[in-house]
Every structure is written in C-alpha cells, then in structure tokens.
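Here are some exercises to work through with the model open beside you. Try each task before you read its solution.

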Amino acid sequence: MVQRKSKNIKLMGTRTLLKCTLILVSFITFSCNTNNDKGDAIPADLIPVFNLDTFGNPIPGNPKINAQLSISIDSETSFEGKIAIESRGSSSQNFPKKSYNFETRDANNQDVDVALLGLPEEEDWVLIGPYSDKTLIRNIFIYDLFREMGNYSSRSVLVELNLNDEHQGVYLLSEKLKRDNNRIDISKLNPDENSGEDLTGGYILQIDRDDEEKLNDSFTSNYQPPFAQRGQQVTFVYEEPGADEITDQQKNYIQNYIFGFEDALASQDFTDPVTGYLSYINVSSFIDFFLINELANNVDAYRLSTYITKDKNGKLNMGPVWDFNYSLGNVDYCSAGETNVWAYTFNERCGDHDQQVPFWWSRLLEDPAFVVQLKDRWSKLRNDEFSLNSLNLMIDNYSTLLKETGAAERNFMTWDILGTDVHPNNFVGETYDDEINYLKDWISDRLNWMDDAIDAL
C-alpha cells in the first residue's frame with residue numbers, strides 16, 4: 001500500500017526510455033500521435049527554455065503587461081517576439097512559484113496567432129508552474145491521457161523558465177482552453193445569433209467559484225448539491241461567449257437548457273430516452289470525464305475548473321479536463337489522498353466547503369444503462385490506456401526526460417522543497433525519485449480499488 005507522508009521509502013529502479021511509437025510524452029506525441037501538421041516536433045531528449053523579460057516590472061494578476069519572450073531549444077532560437085502577460089490561478093497564487101497567462105503580440109503590439117513549439121497557431125497560452133506537485137508532471141500526465149482516450153485536452157509541453165534572468169524551474173506550456181478549430185472545436189456564437197438554430201451553440205460553461213467578480217458572469221443551478229451544509233449552490237460561469245459578449249437571448253437559452261437537463265435528470269422518469277436526461281447529454285463524454293477524474297481522485301472534480309460545452313444543434317458534453325495539480329494522491333484533505341473513495345462523493349465528506357459537487361453524478365449512477373456503458377468503457381480502458389504498464393510508461397518518460405536533462409534538479413535548486421510539506425501534500429518524499437515512485441504506487445492501488453468498486457456498481 002502507499003505510504004502517507006513518509007520520508008523513508010526505498011527508491012525503485014529507473015525505467016527504460018521507450019521508442020517513439022510507445023512514448024506518450026508530449027514532445028514526441030506531437031510528431032507521432034496528434035494531428036499537428038506543423039512539423040516542428042521537439043527532440044525527445046531536450047526541454048525548451050523560455051526566457052522572459054518584463055523590463056524589471058512585476059507581473060500583476062490584472063491587467064496584462066508588455067514583455068519580451070524568446071524560446072530556445074538546445075541554444076537554437078525557436079521563437080522571439082512580444083507578449084502580454086499576467087499571473088493566474090486561485091489557491092496557487094499563494095505559492096512563490098507563479099503561473100501565468102500570456103498572449104503573443106506582433107510588432108504593433110496586436111494579438112497574433114503563433115505556432116509555439118509546433119503547437120497549432122493561437123494567441124492565448126498558459127504557463128503553469130507546478131509547485132506543490134513535486135513530480136512536476138501531474139497536469140501533463142492527465143492531459144495527455146485524456147487525449148489518448150480520444151478527447152481534446154490542452155496540448156502541453158514541459159519547459160524551463162527564466163524570468164528576468166532568474167531561473168524559475170520547470171513549467172508547463174499549455175493551450176488556453178477556448179473555442180478554436182484546433183482547441184474546443186465548436187461553432188462561434190456571434191452577438192447577432194439570437195434565434196432559431198443559430199442560438200443553439202456554441203457555448204462553453206465552467207462550474208467554478210461563485211465569487212463576487214463572477215456575479216454578473218454566471219447563473220446558479222435550481223438544485224442544491226446533496227449533503228451541502230450551508231446552502232451552497234452550483235455556479236455556471238459563462239466562458240464563451242463571455243459576460244461582455246453574451247446576449248440576453250443567449251443567456252436565457254443556455255440557462256434553460258441546463259435547467260431542462262437537471263429537471264429531466266431529477267424527474268421520476270429520468271431514464272426515459274425521450275423525456276429523460278438522454279435527450280440533453282452525450283453520455284460518452286460524461287463517462288470519460290467521470291472515469292479520468294475518478295482515476296485521479298481529483299479533489300476539484302465536478303465542482304471547480306469543470307468545463308461543459310454545447311455546439312449548435314448538439315447536446316451537452318463534459319470537458320475538456322483542466323487543473324490536476326491537486327490530484328493523484330497529492331492532497332491531504334477530504335480523503336482526496338486516499339485510493340479507496342469516490343471523488344464524486346466529495347460532499348458527503350466535506351459538505352461545508354464552498355464549492356460542492358452537483359447531484360448529477362450520483363443520479364446518473366442510478367440508471368442501469370448508464371452503469372453498463374460505464375463498466376464497458378472502464379474495461380476497454382483498463383486493457384489499453386488505463387493499464388498499469390501503460391500509465392507507468394508515461395510517467396517514466398516524463399520523469400526520465402526531466403532527470404536526464406537536469407531540469408528536475410535545477411527546479412529543486414531554485415525551489416528547495418523536496419522533503420518539505422507544502423500544502424496540501426499528502427506525501428513528502430526526500431528525493432524526486434521518491435515523489436515519482438509514490439505516484440506510481442498510488443495509481444496502482446487506485447486501479448485495484450476502482451476495478452472492484454466499478455464492478456460493484
């Protein structure tokens with residue numbers, strides 16, 4: 001079984017780096033496993049370096065400031081140009097290692113699409129700085145895994161960041177989640193599309209915090225979350241169109257669609273194929289979203305950073321997934337570090353938290369047909385993408401790259417936190433290998449428990 005906050009585990013042997021056909025690391029993934037046709041694959045044994053110059057100015061949370069960015073691979077410049085950048089995150093803002101949003105700009109300081117590191121052209125990007133996640137790979141691991149399952153998730157690249165000539169350690173360059181043919185591929189909903197078929201999509205919503213900044217950007221469910229102890233509500237935030245663009249007609253349409261789905265799901269005849277929930281959602285997307293969040297025992301699952309999309313004439317789809325630093329055994333509250341609990345039952349353990357899981361998931365599991373489909377999907381995944389060997393190979397490829405390039409060592413020279421309990425760590429290893437081996441052991445235990453738990457549904 002996995003040890004908790006132990007600092008005395010034995011190190012496992014270093015795994016073998018695999019050939020391109022098996023490697024799932026994002027650098028090789030671009031040239032082998034995705035539809036990226038830019039032909040700018042990063043060599044498998046190198047990590048790009050971001051050199052960011054803000055001309056001595058601190059990076060605020062808002063608004064973005066102007067800066068200069070150059071990207072090099074093995075001392076060869078891959079990109080050089082202007083950007084606008086701001087810090088990002090909620091709880092992660094409390095860490096000394098910050099994360100950032102940035103836009104690529106042209107010579108006239110206007111937004112411009114760029115194919116950074118061979119990723120499809122866009123202007124909006126994210127630099128995620130893993131801090132409490134001392135494996136440095138939880139996000140890229142889940143993003144790549146979700147994509148291997150056949151879903152879109154943010155294409156990401158492990159990089160190193162120098163900010164104003166000061167080393168900041170390992171970061172993750174990720175595609176910002178937004179509507180785009182190469183990202184969330186749904187129709188653009190224009191302000192003049194307010195009736196008929198035009199009005200039916202595309203929408204991107206996010207279940208997230210109901211803070212004061214989002215009061216005019218969101219609406220709330222008509223159903224109180226189960227086990228909520230303080231009257232908490234589930235909040236749906238308008239992502240696209242955003243609050244500054246969405247019209248009243250569009251707000252009414254997507255609100256009523258969500259309300260209709262919830263009413264159908266809560267009804268006595270909720271399994272009816274015509275009048276029940278099936279007429280509102282793409283079940284397969286809900287199942288994949290459920291399984292990857294449960295595999296990770298993601299403490300934020302279903303209640304924070306939870307994206308929902310709806311295209312024109314389409315049904316609701318769950319995803320893409322986002323933000324897994326607080327998952328895969330890295331959390332010491334609400335049993336999120338354990339391998340033997342359901343993430344969707346979060347409210348039963350922590351009904352006093354501000355954000356609660358909607359009733360959807362427990363209700364869906366009351367439908368025998370949904371459970372049959374979920375079991376079938378789990379069985380297929382366990383024989384392929386979710387096999388322990390496959391998951392361990394992914395982890396080995398990321399960690400071997402970070403170790404052999406020296407990036408992991410440099411990260412922890414800058415941030416001397418190995419052997420230190422950084423909130424919300426559920427485990428503290430003395431070395432980087434300790435952290436990687438804990439992750440593997442935790443996943444092994446989690447898979448074994450989920451095999452039995454899903455079989456018992």
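**Exercise 1.** Find the residue with positive phi that follows helix 8, then check the length and burial of helix 8.

*Solution.* Step 1: Gly406 comes after helix 8, and its phi is positive, near 80°. Helices here are DSSP runs of H or I with at least four residues, strands are runs of E with at least two, and both are numbered from the N terminus. The model is a predicted one, in which local features need pLDDT of at least 70, side-chain atom pairs count only at pLDDT 80 or more, and totals for chains, interfaces and linings use all residues. Residues are numbered from 1 along each chain as its sequence is written, and side-chain values use heavy atoms, with hydrogens and water left out.

Step 1: helix 8 covers residues 388–404, which is 17 residues. The expected span is 1.5 Å times one less than the number of residues. That gives 24 Å for helix 8, in agreement with end C-alpha atoms that are 24 Å apart.

Step 2: count the buried positions, meaning those under 20% relative accessible area (1.4 Å probe, protein chains only).

**Exercise 2.** Work out the strand order of the open sheet of five strands and name its edge strands.

*Solution.* Step 1: the order is 9-10-8-11-12, with antiparallel pairing; two strands pair if DSSP finds at least two bridges between them.

Step 1: strand 9 (218–220) and strand 12 (316–318) are the edges, as each pairs on one side only. Neighbouring strands of this sheet are turned by 30° against each other on average, direction ignored.

Step 2: Strand 9 pairs with strand 10 (residues 235–240) over three bridges, in the antiparallel sense, and Ser218 stands opposite Val237 in strand 10.

**Exercise 3.** Which residues lie nearest the centre of the second largest pocket, and which elements give two or more residues to its lining?

*Solution.* Step 1: a pocket is an open set of points on a 1 Å grid over the protein atoms alone, with protein on both sides within 12 Å along at least five of seven lines, and lining residues have an atom within 4 Å of a point.

Step 1: the lining has 16 residues, of which Asn151, Tyr152, Thr309, Asn317 and Met318 lie nearest the centre.

Step 2: strand 11 and strand 12 are the elements that give two or more residues to this lining.

Technical notes. Buried means under 20% relative accessible area, exposed over 50%, partly exposed in between (1.4 Å probe, protein chains only). Axes are lines fitted to C-alpha atoms, for helices over the stretch in contact, and angles run from 0 to 180 degrees between N-to-C directions. On a 1 Å grid over the protein atoms alone, a cavity is a set of points where a 1.4 Å probe fits but cannot get out, and a pocket is an open set with protein on both sides within 12 Å along at least five of seven lines; lining residues have an atom within 4 Å of a point.
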